[in-house]
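Me: I am new to this structure and would like a short tour. Can we go through it by question and answer?

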Amino acid sequence: MLGDFLALTGAFVVAYVLRVKFDPRPLVEQIPALTYFYASVTVLPLWIAVHGFIGLYNQRVYEKRFAELGRILVGSFIGILVVIGYDFVSGGDLFPARLVPVYGLALGFSFLVIFRTMSRVLRRALFRFGYGISNVIIVGDTAATGYIAESIKNTKSTGFKVLATVANKPHGNIRNYTDFKEAFEKLRSPIHGIIQTELYKNQEKNNEILQIARIRHISYRFVPGNSDLFVGNIQVDLFAGLPIIAVHQTALVGWGRIAKRIFDIIATTALLFFIWPFLVVIACIMKLHDPSGSVFFRQTRLTRFDREFRVFKFRTQYSKYDGTTPEEAFELMGKPELARKYRENGDFLTKDPRVTPFGRFLRKSSIDELPQLFNVFTGDLSLVGPRALIPQELNAYEKKHTILAVKSGLTGLAQISGRRDINFEERRRLDLFYVQNWSFWMDIGILIRTISAVIRGSGAK
């Protein structure tokens, strides 16, 4: 908070200098530099309050760089409006010219990003010298014990140091104890946190671990045995006087769904308005190359709540293979062995004989996906979401109903993570992660990275 305040103060000082000292145009009000500085310092805590209100000082936001960047942008717009509103209500003269708050907004956002980036670099540097390290012990015999220990073992990067594990058998090269009390008695370094990866059948043993954490005022984390249960949107409330946990399959509920749909409509309307001439040109070229075939490829896909719909794409295959499965198409051309090769290679062939030369260009550039914007506009798809698959493909996936808790998307985590460079299982795991951890800022980040992936052609084949 102090760093943000100093960054904003510096931004407003620079804004004053740029407009008053280097701009020859007349000012609205003649405000001395010291008077402006004292007034700014007095009102900027309101901007800091906005940051607190939108969660910029929450650890979960801090750990997600892009989410933090988005909130800084929103907080900057709201913050400058609050400052301007205060100036108007108070009847004072805070700004010597109208451009000062504009400069303050742009510089404020920039300085905040720079400061927070520098603070991260400083924090990592301090980790290397042993400052700010959290010493933890991991308790439990599940696979999660070894996985967590391995994930956070790079202390210089994570800021965590695993002092020991408490389990029946060692996990890697980490010191291991079989008794919880023994670990606390023999460890010389201060313990800052406990991570428990299983519930013991002996409830007294569980209570003992939690009680020690309370008595010694150290953090306590618990990894549930059924990790699938505690994903998505989790709410803790009182029910009949008892604490109760409500778990939704996805975080995309309530106003989040409404905001996502509104964004889809606005974004696709704007995109279709600008690119419709380009779509017409592509359609004309396709007709010149293959006059007998349809411009569009239509196929039944799955979206939210297992609902089937017809997806639109530019046709990239020869028209005679329309409506056929890969097995049927390769059988038709007398090359049934290609079907097995196609499946073994992750539903891909380097030189697929079904695809036209122009179709290869459309696939490589991802232009063949653009007609799906009409599916987004009509509500069958969303701009961002799990990949829309045909029923036969998705029915084979064990957790398909969790994936289908949200609308399928034109792009998603799998597309920006390598597309065809990763296998089917990995793509579905990424889809599952998106469903269970959705946020509006994640959508924005995926869209930006999609543009970059399309330009670089990563994973497109």
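Predicted model: local features only at pLDDT ≥ 70, side-chain atom pairs only at ≥ 80, totals over all residues.

Me: Which helix supplies the largest share of the nonpolar surface patch?
Reply: The patch covers about 720 Å² and includes Val13, Val17, Phe22 and Leu34 among its residues. Two helices, α1 (2–21) and α2 (33–53), each give at least two residues to the patch. The largest share is four residues, and its source is α1.

Me: Is Val17 buried, partly exposed or exposed?
Reply: Val17 is one of the residues of the nonpolar patch. Its place is in helix α1. Buried would need under 20% relative accessible area, and exposed over 50%. Val17 has 31% relative accessibility, so it counts as partly exposed.

Me: How many salt bridges does a search of the whole structure find?
Reply: One of the pairs is Arg116 with Asp4. Another is Glu150 with Lys153. The search of the whole structure finds a total of 17.

Me: How many residues apart in sequence are the parts that Arg116 and Asp4 tie together?
Reply: Arg116 and Asp4 form a salt bridge, with the closest N and O atoms 2.7 Å apart. Arg116 sits in helix α5 (residues 99–128) and Asp4 in helix α1, so the pair ties together parts whose separation in sequence is 112 residues.

Me: Are Arg116 and Asp4 buried or exposed?
Reply: A residue counts as buried under 20% relative accessible area and as exposed over 50%. Arg116 and Asp4 fall in one class here: both are buried.

Me: Which helix holds both Arg429 and Glu426?
Reply: These two form a salt bridge, and their closest N and O atoms are 2.7 Å apart. Arg429 has 45% relative accessibility, so it counts as partly exposed. Glu426, at 27%, also counts as partly exposed. They are three residues apart, about one turn of the helix, and that helix is α18 (residues 424–436).

Me: What backbone nitrogen does the side chain of Asp87 reach?
Reply: Asp87 lies in helix α4 (residues 65–90). It is buried yet has no salt bridge. The nearest side chain of opposite charge, Arg98, is 10 Å away. At 3.0 Å, the Asp87 side chain reaches the backbone nitrogen of Leu94.

Me: Which strands are the edges of the open sheet of five strands?
Reply: The sheet has parallel pairing and runs in the order β3-β2-β1-β4-β5. An edge strand pairs on one side only, and this holds for β3 (176–177) and β5 (219–222).

Me: What is the bridge partner of Val166 in β3?
Reply: Strand β2 (residues 160–166) pairs with β3 in the parallel sense, over two bridges. In β3, the partner of Val166 is Tyr177.

Me: What is the bridge partner of Thr303 in β9?
Reply: Strand β8 (residues 296–303) pairs with strand β9 (residues 307–314) in the antiparallel sense, over eight bridges. The two strands form a hairpin with three residues between them. Leu302 is bridged to Glu308. The partner of Thr303 is Arg307.

Me: What is the phi of Asp306?
Reply: Asp306 lies in the loop between β8 and β9. It has 30% relative accessibility, so it counts as partly exposed. Most residues other than glycine have a negative phi. Asp306 has a positive value, near 65 degrees.

Me: What is the relative accessible area of His217?
Reply: His217 is in the loop between α9 (203–215) and β5. It is not a glycine, although its phi is positive, about 55 degrees. His217 is exposed, with a relative accessible area of 73%.

Conventions:
Residues numbered from 1 in each chain as written. Heavy atoms only, no water. Patch = residues over 30% accessible without salt bridge, like charges linked within 9 Å, V, L, I, M, F, W, Y side chains within 5 Å. Areas by Shrake-Rupley, 256 points an atom, 1.4 Å probe, with all protein chains shown as cover. Salt bridge = Lys/Arg side-chain N within 4 Å of Asp/Glu carboxyl O. Buried < 20%, exposed > 50% of the residue type's maximum accessible area, 1.4 Å probe, protein only. Lys, Arg positive; Asp, Glu negative; His and termini not counted. Polar contact = N/O pair within 3.5 Å; in protein donor to acceptor, adjacent residues only side chain to side chain. Pairing = 2+ DSSP bridges.
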